[in-house]
Amino acid sequence: MFTRILGLLEKRANYYTDSNSANGLTRQIAKGLCEGFKCSDAASLLNFTAKSYENASPAERKFPLIIYLCAYNGMSFENYTLFEKLAAKGFVVISISSIGRHPGDMTMKSADLMQQVDDAIASVNLLKENSNIDFSKIGIIGYSWGGLAAAVAATKNSNVKCLVSLDGSEFHHYGEAKDENREFDGTRYGPDFANMHLSMPYLRFERLPFTKPDNEDSVYNFSGKLASENMIFKIDSTQLEDFSCLPVVVRESGNCDTCQYYNTITKLVISFMEDHLKRGSSFASVVNGEMNKTIRRK
């Protein structure tokens, strides 16, 4: 049930505070999600059935690895339905929370961004003994702030074959938020980012319409870091939260109407990964089927 997944945040909070002060947080968050998306109720959401299995026995063969980097201060379950579908298609997925150097006190400083990158590297190293992972075939996905971390992480492993950005912050919008601009520049002009040159295929999805920051000055053009094939698509009528599975899960738990944007994104991500990590050939046809219906080229 979804309560087991959402409850991971409560366990994390209690672990790092060395107390039980976060007891009840799971229900509070469930209630907040339902109120925010104006659908369902906490009990229905927490009892929603997931397709994940705890301690499932892995199949006896090697599978490509997907590294997922969460959004700003995000927890590893924010796109768990995407992970379930990737696993069903024959991928091993590890999801890296975005919690900063001091868990629960995430900032936009370069050091906190690099903590997520280092967590991803440590997670891969921890899995090195797993006989069912093909470490020569790695894909990376980053969501929002995690997109920026994913770009940096992609430079740290020569076996990364492709990169997907879900409205990632590697394209920074400079505006009135001077602190955010300054923190991004701290990353932008740091050695890891300044010397970045990505040779792997890159796929990006952006929300449409995009709400520009007040008095937007400019947008950092990350395309200059890309040396290989790259594709950027706009997803009609989306907001940042639509790149997470949580709105869909809340609406399905309350039997509310759901849009197809997330399903489209999921389908495109999976086919892209299959093309580049499993010698598939479906991505082009999936794109053609969705072009100018839900997605459009930037």
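**Exercise 1. Classify Cys256 by its accessibility, then describe the bond that its sulfur forms.**

Solution. The structure is a predicted model.

Step 1. The relative accessibility of Cys256 is 29%. Buried means under 20% and exposed means over 50%, so a value in between is classed as partly exposed. Cys256 therefore counts as partly exposed.

Step 2. The sulfur of Cys256 is joined to that of Cys39 in a disulfide, with an S to S distance of 1.9 Å. This pair links distant parts of the chain, 217 residues apart. Cys39 is in the loop between helix 2 and helix 3, and Cys256 is in the loop between helix 9 and helix 10.

Step 3. Cys39, at 5% relative accessibility, counts as buried.

Step 4. The torsion about the S-S bond of Cys39 and Cys256 is about 100°, so the disulfide is right-handed. The structure holds one disulfide.

**Exercise 2. Determine how the buried residues of helix 2 are arranged around the axis, and state what covers them.**

Solution. 

Step 1. Helix 2 runs over residues 25–37 and has 13 residues. From its first C-alpha to its last it reaches 18 Å, close to the 18 Å expected at 1.5 Å a residue.

Step 2. The buried residues of helix 2 are Thr26, Ala30, Leu33 and Cys34. They cover an arc of only 95° around the axis, which puts them on the same side of helix 2.

Step 3. An α-helix has 3.6 residues a turn, so residues three or four places apart point the same way.

Step 4. On the face of helix 2 turned away from the buried side are the exposed residues Gln28, Glu35 and Gly36. The cover over the buried residues of helix 2 includes helix 1, helix 3 and helix 9.

Step 5. Just after helix 2, Lys38 takes a positive phi of about 55°.

**Exercise 3. Carry out the corresponding analysis for helix 7.**

Solution. 

Step 1. In helix 7 (residues 178–188), the buried residues are Asn181, Phe184 and Thr187. Seen down the axis of helix 7, they fall within an arc of 120°, so they line one face of the helix.

Step 2. The exposed residues Lys178 and Arg182 are carried on the face of helix 7 turned away from its buried side.

Step 3. Among the elements that cover the buried residues of helix 7 are helix 5, helix 6, strand 5 and helix 8.

**Exercise 4. Ser144 and Arg279 have a positive phi. Locate each residue and decide whether it is buried or exposed.**

Solution. 

Step 1. Most residues other than glycine have a negative phi.

Step 2. Ser144 is not a glycine, yet its phi is positive, about 55°. Ser144 lies in the loop between strand 3 and helix 6. At 11% relative accessibility, Ser144 counts as buried.

Step 3. Arg279 has a positive phi near 60° and is likewise a residue other than glycine. Arg279 is placed in the loop between helix 10 and helix 11. With a relative accessible area of 80%, Arg279 is exposed.

**Exercise 5. State the volume of the largest pocket and identify what lines it.**

Solution. 

Step 1. The largest pocket holds about 1900 Å³ of space.

Step 2. Of the 49 residues that line the largest pocket, the closest to its centre are Ser52, Tyr53, Glu54, Phe83 and Glu84.

Step 3. The elements giving two or more residues to this lining are helix 1, helix 4, strand 2, helix 9 and helix 10.

Technical notes:
Residues numbered from 1 in each chain as written. Predicted model: local features only at pLDDT ≥ 70, side-chain atom pairs only at ≥ 80, totals over all residues. Heavy atoms only, no water. Helix = DSSP H or I, 4+ residues; strand = E, 2+ residues; numbered from the N terminus. Expected span 1.5 Å × (residues − 1). Buried < 20%, exposed > 50% of the residue type's maximum accessible area, 1.4 Å probe, protein only. Arc of directions from axis to C-beta. Contact = heavy atoms within 4.5 Å. Disulfide = S-S within 2.5 Å. 1 Å grid on protein atoms, 1.4 Å probe; cavity = no way out; pocket = protein on both sides within 12 Å on 5 of 7 lines; lining within 4 Å. Points joined across faces, edges and corners; volume = space filled by probe spheres on them.
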